Amino acid sequence: MTLRLQAVTLREIALELKEPFRISSGVVSYRRICLLELDDGDGHRVWSECVAGETPNYSPETIDTAWHAIREWIAPRVLGHAFDGPEQVFARLEQDVRGHRMAKAAVEMGMWGLAATRAGRSLARLIGGTRAEIPVGISLGIQQSPEPLVDKARAALEQGYHKVKIKITPGSDVAFVTAVREALGPDAPLMADANNAYTMADADTLVRLDPLHLIMIEQPLAWDDVVRHAELQRRLATPICLDESITGLDKAQDMVALGSGRIINIKPGRVGGFAASKAIHDYCAAHGVPVWCGGMLESGVGRAYNVALASLPNFTLPGDVSPSARYWHQDIVTPEWTMSARGMVRVPREQPGIGVTVNVDRVDDLTVRREHLTA
Ligand code: OSB
Ligand code: MG
């Protein structure tokens, strides 16, 4: 079935987080979120989301660079072009356009959503997802002191979360994670995420995390590094998980070849979308590397794509796919994303498309700019 994009509307909305989220490289209280509405001109529409943040503290991309890239180079390559299927979109976007993977992903994932909508099938089934529900992990931002961190981690486990990720940075690391481990016991499923806050000069500090038996340490070193991570992994018993460094399948292959880590956090919005995510997923499955689905504080739209992706079989670790109420006073989708008392989010496998409806009136109220692009 031919897939053709006739028009796309870009929007920027402002959505206030329930509480500020602090990582080693910055803090966010309001999310400036870029949403796309794709239209096939045939009566089918679907929403997608770009994960780029306000500042380039996670990757070089921002919402403003993504907006520019989508308008100037990415949308024009897709609008009006006849694709045999959504799996062809990424290769076309890679041709002669370097980088801008977040901008590409917003369009590419939207094309998968559009294909699912047109086919009257759920996105999860379309991509070959097998899970009916996904175990959920929570990502806890850096706190002022260990006490509030311990309280939040305890509350998360009581709510049913399957994994607690603790953001760390030099000065808020070993003592903070130790406090949580001592309070919650040896079996609590804990991990840490440094978002590039360390260098090899800090290796001794990171080695001191080994006795805390974390499931993994996420991205301790530079955002684009795989070489030094390999050296660090040789010194650490705890598995390293790469996030920022894995911008595509090639980097996953580098990680395995060099031994830079043993686990990958796949964020479809970071790697250029679903085709790249599926390729990384399949490669990791073939090489015995577990993967899990990360998050970028998405609205309910981006979350729909993450949940569908995480239903693929090699997503064997809990994903950062927390329910809407973890982030927002009110999400922009109906139904909101919820988590069961068993810490699971249900995959909408029976509804066509992305499985949630966008509350357009609310999005209109939140919109600060919009731009309509046509074939
Ligand atoms: O490193 O995984 C990360 C949020 C913003 C930028 C980077 C990261 C994160 C998270 C949030 O950890 C996870 C979530 O969306 O729940
Ligand atoms: Mg991370």
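User: What is the strand order of the open sheet of four strands, and which pairing does the sheet have?

Analyst: The order is β3-β2-β1-β15, and the pairing is antiparallel. Two strands count as paired if DSSP finds at least two bridges between them. Strands are DSSP runs (E, at least two residues) and helices are DSSP runs (H or I, at least four), numbered from the N terminus. This is a predicted model, in which local features need pLDDT of at least 70, side-chain atom pairs count only at pLDDT 80 or more, and totals for chains, interfaces and linings use all residues. Residues are numbered from 1 along each chain as its sequence is written, chains are lettered from A and ligands numbered from 1 in the order in which they are written, and side-chain values use heavy atoms, with hydrogens and water left out.

User: Why do β3 and β15 stand at the edges?

Analyst: β3 (45-50) and β15 (367-374) each have a single partner strand, so one side of each is left without a neighbour in the sheet. From one strand to the next, the twist averages 25°.

User: How many bridges join strand β1 to strand β2?

Analyst: Strand β1 (residues 7-23) and strand β2 (residues 26-39) run antiparallel and are joined by 13 bridges. Arg 11 has Leu 35 in β2 as its bridge partner.

User: Which strands of the sheet does helix α12 touch?

Analyst: Helix α12 (residues 300-309) packs on the sheet and touches β2 and β3, its direction making about 95° with that of β3. Contact means heavy atoms within 4.5 Å. Angles run from 0 to 180 degrees between N-to-C directions, with axes fitted as lines to C-alpha atoms, for helices over the stretch in contact.

User: Why does Asn 306 count as buried?

Analyst: Buried means under 20% relative accessible area, exposed over 50%, and partly exposed in between (1.4 Å probe, protein chains only). Asn 306 has 3% relative accessibility and therefore counts as buried. This residue belongs to helix α12. Leaving aside residues up to four places away in sequence, Asn 306 touches Pro 268, Cys 293, Gly 294, Gly 295, Glu 298 and Val 321.

User: Why is strand β6 largely enclosed by the rest of the structure?

Analyst: Five of the five residues of β6 (residues 163-167) are buried, so the strand is largely enclosed. Both of its faces are covered, with Lys 163, Lys 165 and Lys 167 buried on one side and Val 164 and Ile 166 buried on the other. In a regular strand the side chains alternate between the two faces of the sheet.

User: In what sense do strand β5 and β6 pair?

Analyst: Strand β5 (residues 137-140) pairs with β6 in the parallel sense over four bridges, and Gly 137 stands opposite Lys 163. Strand β7 (residues 190-193) also runs parallel to β6, joined by four bridges.

User: What makes α5 oblique to α6?

Analyst: The helices pack at an angle of about 45°, with their axes 9 Å apart. That angle makes α5 oblique to α6. Angles under 35 degrees count as roughly parallel, over 145 as roughly antiparallel, 65 to 115 as roughly perpendicular and the rest as oblique. The contact involves residues including Leu 149 and Ala 153 of α5 and Phe 176 and Val 180 of α6.

User: Which elements are among those covering the buried residues of α6?

Analyst: The cover includes α5, β6, β7 and α7 (203-207). The buried residues of α6 are Val 174, Phe 176, Val 177, Val 180, Arg 181 and Leu 184.
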